[in-house]
Amino acid sequence: MPDLLLELFSEEIPARMQAQAADTLRKLVTDALVNRGLLYEGAKAFVTPRRLALAVHGLPGKQADQREEKKGPRVGAPEQALAGFLKSAGLASIDQAKIQSDPKKGDFYVAVVEKKGRPTAEVIAEIIPEIIRAFPWPKSMRWGTGSLRWVRPLHSILCTFGAEGDEPEVVTFEVEGITASNITRGHRFLAPAPFTVKRLDDWMAKLEAAKVVADRDRRKDIILNDAKDLALAAGLELVEDDGLLDEVCGLVEWPVVLMGAFEERFLDIPDEVIRATIRANQKCFVLKEPKTGRLANRFILISNLVATDGGAAIVAGNERVIRARLSDAKFFWDTDRANGLESRMPKFDHITFHEKLGTQAARIARIANLAKIIAPQVGADPVLAEEAALIAKADLLTEVVGEFPELQGLMGRYYAQGEGMSPEVAAACEEHYKPQGPNDRTPTAPVSIAVALADKIDTLVGFWAIDEKPTGSKDPYALRRAALGVIRIILENGLRLRLGALIAAAAEGGLPAGNGEWRRDLLSFFADRLKGHLRENGARFDLVDAVFALDGQDDLYLLVLRMKALARFLESEDGKTLLAGYRRAASILRIEEKKDGKAFKGPTSAALLKEEAEEKLAAAIDDVKEHLAKTIAAEDFEGAMTALSDLRAPVDAFFEAVTVNAEDAALRENRLKLLDEIRTATRAIADFDRIEG
């Protein structure tokens with residue numbers, strides 16, 4: 001079956017846009033083909049700095065013919081109806097239609113419309129120009145006098161279509177004066193002459209000969225493997241960087257890996273600063289000493305040229321730039337250490353955190369106060385927690401963090417260590433920001449935990465108090481991430497904290513009062529984030545709802561323990577049967593309460609327990625309530641579930657032997673109260689109404 005090859009050749013496409021552009025081109029073209037009845041076997045997109053390409057395999061040579069019967073008006077219908085039918089069906093006269101009979105509706109006209117399938121090349125010539133003109137680049141430009149917008153000036157379009165073994169045809173179309181052909185070009189400097197290609201394998205082979213590696217993944221493999229080999233030859237190890245690898249892969253069509261060096265005097269700068277400097281300014285990889293794990297004074301650069309001098313001039317140019325940038329970094333590092341963190345703090349008095357939440361200095365004071373409150377609850381020294389919270393944000397105003405914001409926290413740790421602060425305080429300077437994403441680690445040191453929780457809770461409470469909550473997909477203050485960070489810190493460290501009390505303490509630390517409802521709403525927000533977190537880890541979100549619905553359930557670690565025990569119970573036969581019995585009881589109660597217009601609340605009257613089954617159920621409920629109270633107080637949730645399972649048999653026996661809606665009104669009401677006692681007993685564990693399935 002025939003294949004399509006499309007290449008859009010332009011000036012350099014920004015590296016950050018390349019991968020998405022390739023995916024978009026593949027989807028737009030294949031969707032358009034399928035929508036026109038042209039199914040395919042496979043498709044692969046390619047992208048280099050100067051070309052965006054697509055190969056679609058196994059297309060049919062033409063669209064399938066279509067035959068459609070179009071139902072028309074009844075025989076004898078008005079002329080106006082007949083004329084409309086003829087026009088829509090494409091018939092010249094009513095004689096071209098046939099007549100069909102319907103026993104109920106009588107005779108009516110039917111037009112048989114046959115539509116011949118068009119050649120695939122003709123369809124391609126129609127859809128590709130539309131896709132090019134409407135291509136959704138994040139940023140695009142116009143050039144010359146044309147109206148076409150493309151990411152960079154588009155020079156040529158290659159489009160061929162044909163089967164293996166045949167001479168493919170050029171799919172001819174035009175976009176803004178650019179006519180599609182079978183001609184492309186190789187590397188801008190190493191092989192700029194034009195050449196013709198036929199299909200995918202021919203295109204890739206000739207591009208390779210013209211110093212272009214068209215496959216993005218292969219370019220990445222070449223860069224990574226050659227960089228590792230070059231490092232190994234020098235007795236060093238490559239510090240791998242997937243993000244940088246993606247970026248440099250999008251900067252070259254013919255990757256050439258070279259090694260450069262910088263002066264050893266720069267190695268007293270922290271490794272992270274050296275790496276950030278070299279990465280940000282020159283897109284180069286750093287190397288490390290295998291024995292020490294520290295950086296070496298070497299770097300790997302990726303060139304797009306095979307230079308006649310073996311790359312000596314390219315390396316020298318990069319070394320000059322890196323030397324200058326590292327000199328700046330060393331100046332920043334030395335200046336920061338000379339001035340100290342404490343000297344930065346007064347500046348926070350003049351920096352607004354949020355117009356309704358005051359200055360950064362006020363916020364730091366709130367965090368320090370809250371960290372001191374949290375510290376004893378997480379095993380931290382309150383004095384150290386307060387000290388860490390007061391200094392943790394200071395590195396935001398240092399020269400290094402001003403140049404490399406991604407190093408905030410880490411630089412605070414370096415500076416605190418250099419000033420002789422306690423290890424706990426230095427660690428908290430870095431770790432109080434964590435976790436910053438689902439794959440980031442959580443802090444485990446008590447002082448770091450206290451400051452991290454205080455920082456995140458102050459943020460959440462502050463923005464809830466001024467009604468600046470996330471809406472839809474908008475979350476400009478990263479409040480969802482902050483809430484998830486609190487949840488992960490608590491759960492992963494097994495912390496026993498009352499979230500409601502922490503919210504109250506934060507609110508009383510100088511934040512706007514707001515209205516009374518926001519605290520409850522913030523707890524609900526935590527519940528939603530907890531459900532999402534647990535669901536990602538395989539838990540049932542309805543069980544989180546069921547447990548969170550009970551009053552006072554703001555101890556997240558205890559809540560999860562209770563939920564896990566409930567999940568195991570509901571998977572057992574006792575749990576499934578009791579849940580079914582509960583639902584029957586709850587259903588009867590809802591119906592009868594609605595009918596009578598009142599709620600039936602226990603306790604029951606022992607004198608009105610006439611049947612043996614209801615007497616046994618009432619006694620079992622009393623025993624279970626007592627056992628539940630003891631086991632829950634002891635936080636023995638497995639024991640609580642065992643106690644709850646004792647209700648299974650008496651509940652089953654009750655529904656088997658007792659008629660709830662007895663004719664005697666007093667008896668009926670007492671039995672409905674007994675059903676409420678079942679509901680009350682189970683609610684010591686969770687709100688069973690919220691359990692699904």
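Biologist: What covers the buried residues of helix 18?
Modeller: This is a predicted model, in which local features need pLDDT of at least 70 and side-chain atom pairs count only at pLDDT 80 or more, while totals for chains, interfaces and linings use all residues. Residues are numbered from 1 along each chain as its sequence is written, and side-chain values use heavy atoms, with hydrogens and water left out. Helices (H or I, at least four residues) and strands (E, at least two) are DSSP runs, numbered from the N terminus. Going by contact (heavy atoms within 4.5 Å), the cover of helix 18 includes helix 17 (517-536) and helix 19.

Biologist: How many of the eight residues of helix 18 are buried?
Modeller: Relative accessible area decides this: buried is under 20%, exposed is over 50%, and partly exposed is in between (1.4 Å probe, protein chains only). In helix 18 the buried residues are Asp-542, Leu-543, Val-544, Ala-546, Val-547 and Phe-548. Helix 18 is mostly covered, and of its eight residues the number buried is six.

Biologist: Which residue does Asp-555 meet in a salt bridge?
Modeller: A salt bridge needs a side-chain nitrogen of Lys or Arg within 4 Å of a carboxyl oxygen of Asp or Glu. For Asp-555 the N to O distance is 2.8 Å.

Biologist: At roughly what angle do the axes of helix 20 and helix 23 cross?
Modeller: Axes are lines fitted to C-alpha atoms, for helices over the stretch in contact, and angles run from 0 to 180 degrees between N-to-C directions. Under 35 degrees is roughly parallel, over 145 roughly antiparallel, 65 to 115 roughly perpendicular, and the rest oblique. Helix 20 and helix 23 are therefore oblique to each other. The axes of helix 20 (residues 573-596) and helix 23 (residues 648-657) come within 9 Å, and the crossing angle is roughly 45 degrees.

Biologist: What separates Asp-334 and Arg-337 along helix 8?
Modeller: Asp-334 and Arg-337 form a salt bridge, with the closest N and O atoms 2.6 Å apart. Asp-334 is partly exposed at 30% relative accessibility, and Arg-337 is partly exposed at 41%. Because they are three residues apart in helix 8 (residues 312-339), their separation is about one helical turn.

Biologist: How far apart are the C-alpha atoms of Gly-379 and Ala-121?
Modeller: Gly-379 is in the loop between helix 9 (360-374) and helix 10 (382-391). Gly-379 counts as exposed at 59% relative accessibility. Along the chain Gly-379 and Ala-121 are 258 residues apart, and their C-alpha atoms are separated by 73 Å.
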